[in-house]
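Thank you for making time for this.

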Amino acid sequence: IIANVGVLVGLLLLVFEIRQNTDVMQAQMAQARADNRIEKYRDQIDSDYWPAIGVKRDSAKSPKEWIDSLTAEEHQRVLSHTLLELNDLRIQYYLHKQGYLDQTLFDTSTESQAMGLMQVITYMGDIRPSDPEFLAYLNSVARKHHLPTIESSK
């Protein structure tokens with residue numbers, strides 16, 4: 001009986017340690033996400049080219065007008081930025097589905113990021129996420145905020 005109680009206590013301690021480890025891992029992912037976003041904004045602020053792209057965006061009447069106003073080099077930079085945003089959002093979506101990204105953070109910050117992406121992605125050529133669930137999420141955000149949706153690549 002004492003051995004069985006010892007095993008039970010050991011299992012309870014193991015469950016407690018796993019939960020603590022999960023909490024630490026979630027905190028580390030949240031911090032890494034925050035660091036990633038801060039670094040992105042810092043790079044844009046210190047950029048020699050991004051402020052000019054931002055000025056064009058601010059003065060344009062629509063995302064299409066903004067995209068059409070870009071030089072070939074600026075267009076390539078915005079395209080690369082769009083692909084990075086798409087990949088970043090895909091990772092956040094996956095982390096959220098796995099339970100590693102807080103629901104409130106996902107519903108606010110990530111949705112806001114998805115809105116920004118959906119405003120321009122349809123004007124950036126044939127960019128589509130390959131994961132149908134992720135595509136459905138992006139399209140649901142677009143519909144919620146009356147933005148263009150992305151067609152499936154079928």
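Before anything else, a word on what I call a helix: helices (H or I, at least four residues) and strands (E, at least two) are DSSP runs, numbered from the N terminus. With that in hand, helix H4 is followed by Gly99, whose phi is positive, near 85°.

Please keep in mind that this is a predicted model, in which local features need pLDDT of at least 70 and side-chain atom pairs count only at pLDDT 80 or more, whereas totals for chains, interfaces and linings use all residues. Residues are numbered from 1 along each chain as its sequence is written, and side-chain values use heavy atoms, with hydrogens and water left out.

Let me begin with the whole chain. The protein chain has 6 helices and 0 strands, and along the sequence this reads as α-α-α-α-α-α. The radius of gyration, taken over C-alpha atoms, is 21 Å for the protein chain, while a compact globule of 154 residues would come near 15 Å, the globule rule being 2.2 Å times the number of residues to the power 0.38. Along the principal axes, the C-alpha atoms occupy a box of roughly 80 × 40 × 20 Å.

For burial, I use relative accessible area with a 1.4 Å probe and protein chains only: buried means under 20%, exposed over 50%, and partly exposed in between. By that criterion, 29% of the 154 residues of the protein chain count as buried. For contacts, the criterion is heavy atoms within 4.5 Å, and among contacts between residues at least 6 apart in sequence, 63% join residues at least 24 apart. As for charge, where Lys and Arg count as positive, Asp and Glu as negative, and His and the chain ends are not counted, the protein chain has 16 positive and 21 negative side chains, and the centres of the two sets lie 5 Å apart. The place of each charge is taken as NZ of Lys, CZ of Arg, CG of Asp or CD of Glu.

How far apart are the end C-alpha atoms of H1? They are 65 Å apart, which agrees with the 66 Å that its 45 residues should span at 1.5 Å a residue, where the expected span is 1.5 Å times one less than the number of residues. The buried residues of H1 are Arg33, Arg37, Lys40 and Gln44, and what covers them includes H2, H4 and H5. Leu14, also placed in H1, counts as partly exposed because its relative accessibility is 45%. Between Leu14 and Pro132 there are 118 residues in sequence and 37 Å in space, C-alpha to C-alpha. In the loop between H1 and H2 we find Asp48, which is exposed, with a relative accessible area of 78%.

Helix H4, residues 72-97, has 26 residues and reaches 37 Å from its first C-alpha to its last, close to the expected 38 Å.

The loop between H4 and H5 holds Asp102, which counts as partly exposed because its relative accessibility is 48%. Asp102 and Leu70 are 32 residues apart in sequence, and their C-alpha atoms are 37 Å apart in space.

In helix H5, I would point to two residues. Is Glu111 buried or exposed? Glu111, which sits in H5, counts as buried because its relative accessibility is 11%. Leaving aside neighbours within four places in sequence, Glu111 is in contact with Phe106, Tyr137, Val141, Lys144 and His145. Thr104, also placed in H5, is by contrast exposed, with a relative accessible area of 54%.

Finally, His146 lies in the segment after H6, and its phi is near 60°, a positive value in a residue other than glycine. His146 counts as exposed because its relative accessibility is 75%.
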